Amino acid sequence: MKKNFFVSTPIYYVNGDPHVGSAYTTIAADVINRYNKSMGIETHFVTGLDEHGQKVEQAAEQHGLTPQAWTDKMTPNFKNMWAALNIKYDDFIRTTEERHKKAVKKILEIVHAKGDIYKGEYEGKYCISCETFFPENQLNGSNKCPDCGKELTVLKEESYFFKMSKYADALLKHIDEHPDFILPHSRRNEVISFIKQGLQDLSISRNTFTWGIPIEFAPGHITYVWFDALTNYITSAGFENDDKKFDKFWNDARVVHLIGKDIIRFHAIIWPCMLLSAGIKLPDSIVAHGWWTSEGEKMSKSKGNVVDPCNEIKKYGVDAFRYYLLREANFGTDGDYSTKGIVGRLNSDLANDLGNLLNRTLGMYKKYFNGVVVASSTSEEIDDVIKAMFDETVKDVEKYMYLFEFSRALETIWKFISRLNKYIDETMPWALAKDETKKSRLAAVMNILCEGLYKIAFLIAPYMPESAQKISNQLGIDKDITSLKFDDIKEWNIFKEGHQLGEASPIFPRIEIEKEEVKKELKIENPISIDDFDKVQIKVVEILDVDKVKGADKLLKFKVFDGEFERQIISGLAKFYPNYKALVGEKVLAVANLKFAKLKGELSQGMLLTTEDKNGVSLIKIDKTVEAGAIVS
């Protein structure tokens with residue numbers, strides 16, 4: 001296994017604006033880079049801009065600028081976006097830089113000296129927008145670009161060609177021998193099929209415009225944009241500029257390119273053939289992701305449904321946006337960006353699961369031990385189950401991250417979060433706190449929860465660095481969590497006796513989707529008087545325990561405290577609360593003066609109040625700071 005790691009995004013086209021698609025690729029690269037750093041691996045993460053070509057020259061002219069001035073003007077759009085998304089790249093490359101020009105000239109020199117470049121004449125169809133030549137066998141009689149749909153131009157000009165066809169068999173052999181060369185694996189057949197159709201030699205020069213890198217052995221010719229652009233990866237790694245760096249982050253690294261599926265042929269065919277000719281190591285994995293739709297429709301400026309990452313960050317926060325993109329869709333498949341989707345993920349995964357676990361744990365530790373860690377040597381089998389699950393979680397995350405299955409890695413982490421929530425229900429700290437002889441066991445349980453949260457913060461830090469830091473701070477640890485390595489957190493009993501925990505504060509507030517106001521005429525059915533209402537005594541009760549009623553699938557038996565007495569209430573809520581033990585500790589409303597009744601042989605001493613809507617039936621929960629026995633009036 002190589003000890004270093006190199007990851008790249010495509011270099012983005014300088015004329016365009018960053019959007020949700022480019023944000024997706026760049027966030028993914030940032031996450032995988034942060035993850036590898038956290039596992040003790042030295043990494044290099046590069047992103048940047050593609051600044052040459054006919055379209056750039058034309059755009060600059062339209063704006064009354066030189067091409068260089070135009071690219072300088074556009075560059076901050078991308079740097080500012082990546083800063084807003086908390087992207088921590090190691091290198092931002094621009095193809096107009098001298099180091100890149102040196103690298104391009106060098107690879108051209110090597111390939112030319114090998115006899116793999118020859119002079120000829122190109123006559124064929126060309127897409128100015130995509131800066132791509134298309135042979136007739138890719139057009140099926142059409143004059144439209146197969147990628148962008150725009151009309152093609154017929155070009156005839158002198159050109160230098162790269163003998164790409166020479167390397168078809170070698171590339172097929174490499175793909176066969178390296179099963180992870182193209183990821184996800186479902187993309188391999190597409191590339192193999194294209195190669196087997198027959199590779200044509202590639203035109204690598206232009207002489208009808210000047211904005212590009214001149215070819216020294218071909219006066220009057222500049223380097224065709226793809227031969228120029230693809231070389232950026234080895235430029236960043238140090239090729240022709242820093243031999244030591246190139247050995248470290250290319251020759252002795254796992255080299256990964258993250259791209260959109262629309263440019264997989266350039267990266268999985270043209271680029272490897274260039275490297276084969278130049279005698280340079282091929283990348284280890286080319287990982288192609290899918291496209292994003294918006295509310296089920298293709299994004300389009302004319303429809304006004306293009307997702308602006310800056311707007312989404314303002315609405316939901318940068319971490320929620322990063323989490324949603326990588327959790328919602330498997331990397332490699334298409335995804336749909338929707339308001340309902342991101343709000344659902346934020347409320348369910350972040351606020352309910354993780355946020356609730358953090359708030360409950362810190363709240364209980366403060367209540368039972370004043371927020372100061374108490375040492376405990378007691379241990380039970382259930383504690384070992386939690387620790388073993390953490391070990392399995394780490395292994396599974398490593399497996400999924402190797403294959404860039406970000407969504408499955410997050411799903412695995414959230415299973416551990418759910419398990420810790422269940423651990424609270426199983427160990428019932430509130431019950432242990434009532435027995436002075438079980439204080440040591442209570443401390444052991446609470447320490448497992450705190451340590452588990454610290455480990456969760458470490459695991460989610462590549463995805464949500466700000467939130468992970470907040471969790472760490474609330475646990476009383478101010479050290480930069482993104483600087484930690486796995487060895488720093490893999491053991492248990494990190495929190496020593498006397499450690500002061502921080503204060504609990506919501507990190508993921510719930511989001512409510514604003515609904516359009518529908519005005520209806522107010523009608524009251526079965527009206528009652530205030531005297532009628534005063535007859536009903538409604539109290540806040542605390543749920544002490546919940547069990548199923550034997551022989552009744554729909555009934556649950558609640559043990560509650562009404563501020564004065566413990567009472568039993570039978571309620572038909574089993575269908576709506578399959579994980580009914582999670583209700584222990586909640587405070588809800590109950591009718592306290594209802595006539596006692598027997599249901600399935602069990603005494604019911606009141607009635608719990610619920611709401612009912614299209615989502616089902618729910619108990620009316622009350623803020624836990626309200627005392628049991630409080631009267632509703």
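A: Let's start with a word we will need: two residues are in contact when heavy atoms of theirs lie within 4.5 Å. Please keep in mind that this is a predicted model.

With that in hand, look at helix α18, residues 465–474, which is mostly covered, with seven of its ten residues buried. Those buried residues are Pro465, Ser467, Ala468, Gln469, Ile471, Ser472 and Gln474. Their cover includes α1 (20–38), α12, α13 (339–369) and α17. Just past the end of α18 you will find glycine 476, whose phi is positive, at about 90 degrees.

Helix α12 spans residues 318–328, and ten of its eleven residues are buried, so the rest of the structure largely encloses it. The buried ones are Val318, Asp319, Ala320, Phe321, Arg322, Tyr323, Tyr324, Leu325, Leu326 and Arg327.

Helix α17 (residues 439–460) packs against helix α15 (residues 406–427) at an angle of about 165 degrees, and their axes are 11 Å apart. Angles over 145 degrees count as roughly antiparallel, and α15 and α17 are therefore roughly antiparallel to each other. The crossing of α15 past α17 is left-handed. On the α15 side, the contact is made by Ile413, Trp414, Phe416, Ile417, Leu420, Tyr423, Ile424 and Thr427. From α17 come Arg441, Ala444, Val445, Ile448, Leu449, Gly452, Leu453, Ile456, Leu459 and Ile460. By class, the contact of α15 with α17 has 15 nonpolar residues, two polar and one charged.

Now for the sheet. Six strands make up an open sheet, in the order β3-β2-β1-β11-β12-β7, and their pairing is parallel. At the edges stand β3 (91–94) and β7 (182–183), each with a single partner strand, so one side of each has no neighbour in the sheet. The partner of β7 is β12 (residues 285–289): two bridges join these strands, which run parallel. Here leucine 183 stands opposite valine 287 of β12. Helix α10 (residues 264–278) packs on the sheet, where it touches β7, β11 (253–260) and β12. The direction of α10 makes about 140 degrees with that of β11.

Helix α10 also meets a neighbouring helix, α6 (residues 188–196): their axes come within 10 Å and cross at roughly 55 degrees. The two helices, α6 and α10, are therefore oblique to each other, and their crossing is right-handed. In this contact, Glu190, Val191, Phe194 and Ile195 of α6 meet Ile264, Arg265, Ala268 and Ile269 of α10. The contact of α6 with α10 has six nonpolar and two charged residues, and no polar ones.

One last stop is threonine 231, in the loop between α7 (225–230) and α8 (232–237). Its relative accessibility is 0%, so threonine 231 counts as buried. Leaving aside residues up to four places away in sequence, threonine 231 touches His100, Ala103, Val104, Ile107, Trp271 and Met274.

Methods: Residues are numbered from 1 along each chain as its sequence is written. This is a predicted model: local features need pLDDT of at least 70, side-chain atom pairs count only at pLDDT 80 or more; totals for chains, interfaces and linings use all residues. Side-chain values use heavy atoms; hydrogens and water are left out. Buried means under 20% relative accessible area, exposed over 50%, partly exposed in between (1.4 Å probe, protein chains only). Helices (H or I, at least four residues) and strands (E, at least two) are DSSP runs, numbered from the N terminus. Axes are lines fitted to C-alpha atoms, for helices over the stretch in contact, and angles run from 0 to 180 degrees between N-to-C directions. Angles under 35 degrees count as roughly parallel, over 145 as roughly antiparallel, 65 to 115 as roughly perpendicular and the rest as oblique. A crossing is left-handed if the near helix is turned anticlockwise from the far one by less than a right angle, and right-handed if clockwise. Ala, Val, Leu, Ile, Met, Phe, Trp, Tyr, Cys and Pro count as nonpolar, Asp, Glu, Lys and Arg as charged, and the others, Gly among them, as polar. Two strands pair if DSSP finds at least two bridges between them.
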